[in-house]
Amino acid sequence: MHKLWAVRRKVPHENHPWLVYCRAPRSAVFLGGSQLKLKQLLLAFILLVIVSGVWVLQGYLSMESARRDVLMMDTFVSVMADGREAERVLDETVVEMRRLEALLSAHIEGSDVYRINNALGAQVSVSAETIEVLEVAEEVFRRTNGAFDVTIGAVLRLWGFGTEARQVPTAEELLSAMNGVGFTNVEFSREEKWVRLKHPATRLDLGGVAKGYIVDRATEFIYSRGIRHAVVDAGGDVRITGGRPNSPRWLGARKARVGVQDPVNRERLVAVVSVMDGAVLTSGDYERYFVEDGIRYTHIIDPRTGSPVRGLSSVTIVTSKAAVADAIATAVMVLGKEAGLALIEDWEGVEALLITAEQEFIMSSGMAALTEVLR
Ligand code: AMP
Ligand code: MG
């Protein structure tokens with residue numbers, strides 16, 4: 001009986017030949033077993049549409065463009081993100097960045113680095129993050145023949161960086177501080193998470209790599225919360241995810257543009273680097289320095305001499321991770337233009353813009369394609 005409704009056939013039905021041209025009575029539509037199933041199906045479908053509609057709407061309403069500006073790691077840090085609950089995610093990101101700073105800063109009492117430096121050669125239990133930073137430091141130390149060396153802590157202090165009193169040290173002072181320089185004086189275990197300084201004069205300073213590492217970790221934290229567009233900028237150490245933030249969604253993702261400061265006049269930009277994903281990071285002799293007898297002493301030390309470097313005004317590195325970019329930028333400042341450029345050309349996936357003390361621009365082979373020079 002229940003098939004009646006479906007029949008308005010031009011040819012006789014194979015089982016009911018007498019039903020040709022017969023039409024179902026209206027009530028039959030709602031009485032049969034399969035009609036009931038159809039009704040349930042229809043209801044379920046409508047419900048599904050409503051639920052998914054509410055879900056999409058809720059998702060759309062919780063899309064936020066958020067930004068935080070904080071003072072951290074001795075610099076201005078800006079974090080921007082577009083996505084679901086971006087406001088809350090960025091609050092958590094800032095907390096996470098502060099936690100990492102409190103582990104990695106040599107100047108914060110109780111940090112991993114502080115405890116290592118004050119352990120008189122004993123093994124110190126540290127966090128996994130400190131080990132990760134040391135691994136990056138070791139790799140860049142190795143690949144730069146020691147131009148990047150986080151054991152210059154005692155030498156930095158002697159010059160007064162990280163303290164109130166900056167001064168040119170005496171030759172004897174320098175000599176004794178230099179005794180502890182050399183990454184081979186650092187022993188650490190990834191598995192057991194401890195670090196030990198083998199030489200009594202060795203002091204760690206992760207200032208040349210930690211900021212980049214924290215930028216990476218902040219970026220990964222934001223991504224892990226489901227956000228796909230973000231910029232983390234720690235005083236010019238920038239990492240971008242998914243292009244430019246705050247751009248209208250219907251335009252699609254667009255590259256983010258990162259300005260390179262003029263080393264002579266920091267108010268001006270001399271170049272703009274465009275990237276969709278990755279780190280753009282600059283080391284400069286103008287970031288931290290003091291002037292004595294007309295000579296500018298910058299905060300980047302040549303581990304071979306124990307003295308501040310000269311020759312390059314700034315080095316901008318473009319690569320995927322900010323931690324390695326940070327360490328390479330510092331290393332190139334030490335190596336100078338020839339050896340520095342050779343390092344970059346040799347390092348897969350790394351590009352650089354070097355600005356010499358004479359304000360000459362030097363770019364690695366793949367850098368021009370990413371860079372707009374503004375002068
Ligand atoms: P950046 O601004 O990234 O070049 O880092 C500079 C910081 O790196 C300094 O403030 C020191 O903490 C640290 N540093 C200076 N010279 C070296 C070096 N040769 N190797 C590793 N770290 C260094
Ligand atoms: Mg650096």
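**Helix 3 and its neighbours**

So, helix 3 and helix 5 cross in a right-handed way, meaning the near helix is turned clockwise from the far one by less than a right angle. Quick housekeeping: this is a predicted model, where local features need pLDDT of at least 70, side-chain atom pairs count only at pLDDT 80 or more, and totals for chains, interfaces and linings use all residues. Residues are numbered from 1 along each chain as its sequence is written, with chains lettered from A and ligands numbered from 1 in the order in which they are written.

Back to our pair: helix 3 and helix 5 (residues 128-143) pack at about 70 degrees, their axes 10 Å apart. Helices here are DSSP runs (H or I, at least four residues), numbered from the N terminus. Axes are lines fitted to C-alpha atoms over the stretch in contact, with angles from 0 to 180 degrees between N-to-C directions. That makes helix 3 roughly perpendicular to helix 5 (65 to 115 degrees counts as that). Leu100, Leu103 and Leu104 of helix 3 meet Glu129, Thr130 and Val133 of helix 5, where contact means C-beta atoms, placed from the backbone, within 7 Å.

Now, at what angle do helix 3 and helix 8 cross? Roughly 150 degrees, and the axes of helix 3 (residues 86-104) and helix 8 (residues 210-224) come within 10 Å. That makes helix 3 roughly antiparallel to helix 8, a label for angles over 145 degrees. The crossing of helix 3 and helix 8 is right-handed. Residues making the contact include Val89 and Met97 of helix 3, and Ile214 and Phe221 of helix 8.

Methods:
Helices (H or I, at least four residues) and strands (E, at least two) are DSSP runs, numbered from the N terminus. Angles under 35 degrees count as roughly parallel, over 145 as roughly antiparallel, 65 to 115 as roughly perpendicular and the rest as oblique. Two residues are in contact if their C-beta atoms, placed from the backbone, lie within 7 Å.
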